[in-house]
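Hi,

Here is the structure I promised to pass on. Have a look at it first, then read my notes below.

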Amino acid sequence: MSTDRLWPAIGLRLLSVGLFATMNAAIKLAETRGAALGEILFFRQFGAAILVTVVIASGPGLSTVRTQRLGAHVVRMIVGVISMAFTFAALLTLPLAEAAAIGFSTPIFATILGALVLGEPTGWRRWSAVGLGFVGVLIVVRPGGHAMPPIGVAYGLAAAVLTAVIFILLRQIGRTERAQTTVWYFSVLSLLPLGAVYAWQAQAHPAATWAALAAVGLFGGCAQLAMTASLRRGAVSLVVPFDYTALLWAAAYGWLLFGTVPGDSTWIGAPVIAASGLYIVWREHVRRRGETQAAIIDE
């Protein structure tokens, strides 16, 4: 990859990580100021829907989001909303750094689902990386010791599994749909169920709470756009490793805003999980490169 595309891809990915971390901090701030989970979820998607619609309308035009696969987008929306609900529940239950560390386990579950659902070849190296990743998760959650709230850990692991399911769905949808089309349908379609939830949970708030809710939507939408843009400029194997800088953001926000400091087990276990995920991403890159070369030779 040329340098003029490499550095923008990395920069956009780092920007998206920082924006998502800021969104996560705003989620906890909104909850501490009285906002319900349903309200937070609605504002997250409402902000994203507005931003994505404006970007597409001012660029290629809304006509480019036409699709013949509405059913696939509906399925992706349903899984995505449930996954987001578990992710936010984990953020509200656990310290930011610990929630981020558990979230790093997504590539592990994606590998398992890829092998079981898609029949992707998975050799002993990647299965070893999966095992190592689970060791890292155990180090972070400390079962049997001074463990984190079990319900929070369950939320985080459920979110990681469902996010891995989304990875599988996006691989299927991505064969015919552009990334911006998928993002638009997810953002807009999710407003239907989340709007119903919001109508049920909506309540009056002080200005500071409304500001936190607005920040959730603004930073979440901007982060989604930056992440999508990074994938247009760089391969997954290039940009995904920078996602692990999220732990630094989470630790900083946790200390500055909530007075929490990650425990030793988090600093030990998170790198183990990250190493597992990085190896899985690298092996996937090697496998796909080998398939491409084989196809060229066969031609």
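Val281 counts as buried because its relative accessibility is 15%, where buried means under 20% relative accessible area, exposed over 50%, and partly exposed in between (1.4 Å probe, protein chains only). Val281 sits in helix α13 (residues 264-298); helices here are DSSP runs of H or I with at least four residues, strands are E runs of at least two, and both are numbered from the N terminus. The C-alpha atoms of Val281 and Thr111 are 9.4 Å apart, although 170 residues separate the two along the chain.

Before you go further, some ground rules: this is a predicted model, in which local features need pLDDT of at least 70 and side-chain atom pairs count only at pLDDT 80 or more, while totals for chains, interfaces and linings use all residues. Residues are numbered from 1 along each chain as its sequence is written, and side-chain values use heavy atoms, with hydrogens and water left out.

On the fold: the protein chain has 13 helices and zero strands. Of its 299 residues, 46% count as buried. Taking contact as heavy atoms within 4.5 Å, residues 24 or more positions apart account for 88% of the contacts with a separation of 6 or more.

The largest nonpolar core has 57 residues; by core I mean a set of buried Ala, Val, Leu, Ile, Met, Phe, Trp, Tyr and Cys residues joined through side-chain atoms within 4.5 Å. Helix α1 (residues 3-32) gives the most to this core, with seven residues. Ile27, Ile40, Phe88, Ile102, Phe104 and Met148 have the most contacts inside the core. Leaving aside neighbours within four places in sequence, Ile40 touches Ile27, Ala30, Glu31, Ala35, Phe88, Leu213 and Val216. Another core, of six residues, lies apart from the largest one and includes Phe109, Ala110, Leu113 and Ala160.

Ile82 is in helix α3 (residues 70-93) and counts as partly exposed, because its relative accessibility is 40%.

How far can you trust the coordinates? The mean pLDDT (the predictor's confidence in each residue, from 0 to 100) of the protein chain is 85, and 90% of its residues reach 70 or more. Among the elements, α3 has the highest mean pLDDT (95) and helix α11 (residues 236-239) the lowest (69). Over residues 292-299 the pLDDT is below 50, and this stretch has zero contacts in the model beyond near neighbours in sequence. Where pLDDT is low, the predicted coordinates should not be read in detail.

Cheers
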